[in-house]
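Please look over the sequence and the model shown here. A short report on selected features comes after them.

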Amino acid sequence: MAQKQELLGIPARPKSPFWKQKGFHLFLMLLPFVFLIFLLNYLPLYSWRLAFYDFKWGRPDELNTFVGLDVFRSLINNQYQFEELMQALKNTFGMSGLHVLTLPLPMFFAIFLHELRGPFRKTVQTLTTIPNFISWVLVFSVACAAFTVDDGFVNRMLIHFGIRDTGIAFLQSENNVWMTMIAWNLWKTMGWSAIMYFASMTNIDPELYDAANVDGAGRWARIRHITIPCLIPTLFVLLVLNIANFVNWGLEQPLVFMNQMNKPHIQTLDVFLVTQGITGRNPATAMAVGILKTFVCLVLVFGANKLSKVVRKESVF
């Protein structure tokens, strides 16, 4: 453009300084959030160096000797520790896989709640959204009030009606732990997860429903042929993000529900890191596992993005 203006004899407009260019004020508004991301997500990566040192809590840095990859080798050569790590990895992938399989449930919940008329919709939506703001410690207290062997009202009802002679150790049982954790997670997050689908449903063109009504389509036909197909892109984006976040199956929920009976089936990678780094006083090993976990996450992120390109012909990032 500047060359054409020179050929036509039109003087080129002087380039404005960067602080006057379009979008600079928006960049300034983003700076605090960029700083927070750097402070909370990137700056802690400096602690990765602990995985290459013989680090002990409370010891000065100059006394921590550099050991290279010895921590990674000991993690593999120590049979008990390696088996515990593999079991934690298995639990993480198992619960994350079940969580991915249950991702469509909030979508169907949002659809049915959207079709519900009258004051009941707001009541149900409020009651199902509130648990998302309750901490896992309070959720565990609810579980204790319901399912403890001696004082849980479920066991008291079973004994009162003669169904059982003694209470069932629901919380201490090692059977179906993954399913139990998924059920509690759904109870806590179902209403909140449905909000995303509510937002997507507001973007559906009302003319599609009007045309379906003219053609004589009923409520179930409109849901099947209009609502669900329009929500599939949102579901797929959430699916890709959950696949990319596969090894990050939380810390608080397994930690509060874990006991000596169900520990082999509920301990995830995050719980393993905490127990090794704090309880086990082995921060170097915990940091080594954290590094390996980060690389697995990166592989899953790029794999999920590739899957999005193949299926939806569109990249997530």
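## Model and salt bridges

This is a predicted model. A search of the whole structure finds 3 salt bridges.

The pair Asp70 and Arg73 sits within helix α3, residues 70–77. Their side chains meet at 2.8 Å, N to O. The two residues are 3 apart, about one turn of the helix. Asp70 is partly exposed, with a relative accessible area of 40%. Arg73 is also partly exposed, at 46%.

Glu115 pairs with Arg219, and here the closest N and O atoms are 3.3 Å apart. This bridge links distant parts of the chain: Glu115 belongs to helix α5 (residues 104–115), Arg219 to helix α11 (residues 219–244), and 104 residues separate them. The setting of the two ends can be read from their accessibility. Glu115 has 14% relative accessibility, so it counts as buried. Arg219 is partly exposed, with a relative accessible area of 43%.

Asp270 and Lys293 form a salt bridge at 2.1 Å, N to O. It too links distant parts of the chain, from Asp270 in helix α14 to Lys293 in helix α15 (residues 283–312), 23 residues apart. Are these two residues buried or exposed? Both Asp270 and Lys293 are buried.

## Helix α4

Helix α4 covers residues 79–101, 23 residues in total. From first C-alpha to last it reaches 33 Å. That is close to the 33 Å expected at 1.5 Å a residue.

At the start of α4, Asn78 contributes a side-chain oxygen. This oxygen comes to within 3.3 Å of the backbone nitrogen of Tyr80. Further along, the buried residues of α4 include Gln81, Glu84, Leu85, Ala88, Asn91 and Thr92. Gly94, Met95, Ser96, His99 and Val100 are buried as well.

## Two loop residues

Thr268 lies in the loop between α13 (263–266) and α14 (269–279). Its relative accessibility is 0%, so Thr268 counts as buried. Which residues is Thr268 in contact with, leaving aside its neighbours within four places in sequence? They are Ala88, Thr92, Met95, Trp249, Gly250 and Pro254. Among the buried residues of α4 are Ala88, Thr92 and Met95.

Asn176 is in another loop, the one between α8 (153–160) and α9 (177–201). Its phi is near 55 degrees, a positive value in a residue other than glycine. Asn176 is exposed, with a relative accessible area of 58%.

A nonpolar patch on the surface is formed by Phe35, Leu36, Ile37, Phe38, Leu39, Leu40, Tyr42, Leu43 and Leu45. Together these residues have about 890 Å² of accessible area. One of them, Tyr42, is in helix α2, residues 24–42. Why does Tyr42 count as exposed? Tyr42 has 52% relative accessibility, and exposed means over 50%.

Asn213 is found in helix α10, residues 206–214. It is partly exposed, with a relative accessible area of 43%. The C-alpha atoms of Asn213 and Phe147 are separated by 48 Å. Along the chain, Asn213 and Phe147 are 66 residues apart.

Technical notes:
Residues are numbered from 1 along each chain as its sequence is written. This is a predicted model: local features need pLDDT of at least 70, side-chain atom pairs count only at pLDDT 80 or more; totals for chains, interfaces and linings use all residues. Side-chain values use heavy atoms; hydrogens and water are left out. Helices (H or I, at least four residues) and strands (E, at least two) are DSSP runs, numbered from the N terminus. The expected span of a helix is 1.5 Å times one less than its number of residues. Buried means under 20% relative accessible area, exposed over 50%, partly exposed in between (1.4 Å probe, protein chains only). A polar contact is a pair of N or O atoms within 3.5 Å; within protein, one must be able to donate a hydrogen and the other to accept it, and residues adjacent in sequence count only if both atoms are side-chain atoms. Contact means heavy atoms within 4.5 Å. Patches are made of residues with over 30% relative accessible area and no salt bridge: like charges are joined within 9 Å, nonpolar side chains (Val, Leu, Ile, Met, Phe, Trp, Tyr) within 5 Å. Accessible areas come from the Shrake-Rupley method with a 1.4 Å probe; for residues, only the protein chains shown count as cover. A salt bridge is a side-chain nitrogen of Lys or Arg within 4 Å of a carboxyl oxygen of Asp or Glu.
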